[in-house]
Amino acid sequence: MGSRNPDRIPIAMRRRRCESVGDMIRLGWDVHSKCEACGLLFRVNLRLIARVKGADFSLWNRKERCKRLGCVGFVNFQGKAPDMSWHEVLSAPWPEDRS
Ligand SMILES: [Zn+2]
């Protein structure tokens with residue numbers, strides 16, 4: 001059995017089609033936030049973000065302060081498309097070629 005690894009699609013390539021939380025909801029992404037210091041893990045409510053910040057809001061390359069009391073760490077966002085096996089950090093350069 002040959003290619004069993006759709007994760008070979010670089011996350012940066014995915015960003016082109018999935019920039020905003022509206023795109024992520026439409027394409028069925030699952031997103032976590034994880035603190036780099038204490039490891040606190042949250043499931044991100046994409047629909048809530050879309051309602052509060054707007055469907056065009058982007059989680060790519062974003063960091064926020066950890067919500068745990070006393071923690072000075074930052075959380076990053078990790079996304080998983082339906083055809084991915086695990087979550088990957090939503091970190092990618094802005095797509096260069098926008099033709
Ligand atoms: Zn923390």
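Predicted model: local features only at pLDDT ≥ 70, side-chain atom pairs only at ≥ 80, totals over all residues.
User: What makes Cys35, Cys38, Cys66 and Cys71 the donors of the zinc ion?

Analyst: A donor is an N, O or S atom within 2.8 Å of the metal. The SG atoms of Cys35, Cys38, Cys66 and Cys71 lie at 2.3 Å, so they count as donors under that cut-off. Along the chain these donors follow the spacing C-x2-C-x27-C-x4-C.

User: Why is the site of the zinc ion called tetrahedral?

Analyst: Four donors count as tetrahedral if all angles lie between 85 and 135 degrees. The angles among the 4 donor atoms here are 105 to 117°, and therefore the site is given that name. The ideal angle for four tetrahedral donors is 109.5 degrees.

User: What do Cys38 and Cys71 tie together?

Analyst: Cys38 sits in the loop between strand 1 and strand 2 (41-43), and Cys71 in the loop between strand 3 (63-65) and strand 4 (74-80), so the pair ties together parts that are 33 residues apart in sequence.

User: How do you know that the buried residues of helix 3 line one face?

Analyst: The buried residues of helix 3 (residues 46-53) are Leu46, Ile49 and Ala50. Seen down the helix axis, they fall within an arc of 100°, so they line one face. The face turned away from that buried side carries the exposed residues Arg47, Arg51 and Val52. Helix 2 (21-27) and strand 1 (30-35) are included in what covers the buried residues of helix 3.

User: What is found at the start of helix 3 and just after helix 3?

Analyst: At the start, a side-chain oxygen of Asn45 comes to within 3.2 Å of the backbone nitrogen of Arg47. Just after the helix, Gly54 has a positive phi of about 105°.

User: What makes the side chains of Asp30 and Arg43 a polar contact?

Analyst: A polar contact needs a pair of N or O atoms within 3.5 Å, one able to donate a hydrogen and the other to accept it. The contact joining these side chains is 2.5 Å, so it falls within that limit.

User: Is Asp30 buried or exposed?

Analyst: Asp30, which lies in strand 1, has 18% relative accessibility and therefore counts as buried.

Notes: Residues numbered from 1 in each chain as written. Heavy atoms only, no water. Buried < 20%, exposed > 50% of the residue type's maximum accessible area, 1.4 Å probe, protein only. Helix = DSSP H or I, 4+ residues; strand = E, 2+ residues; numbered from the N terminus. Arc of directions from axis to C-beta. Contact = heavy atoms within 4.5 Å. Donors = N, O, S within 2.8 Å, 3.2 Å for Na, K, Ca; no water. Tetrahedral: all angles 85-135°; square planar, octahedral: opposite > 155°, others 65-115°.
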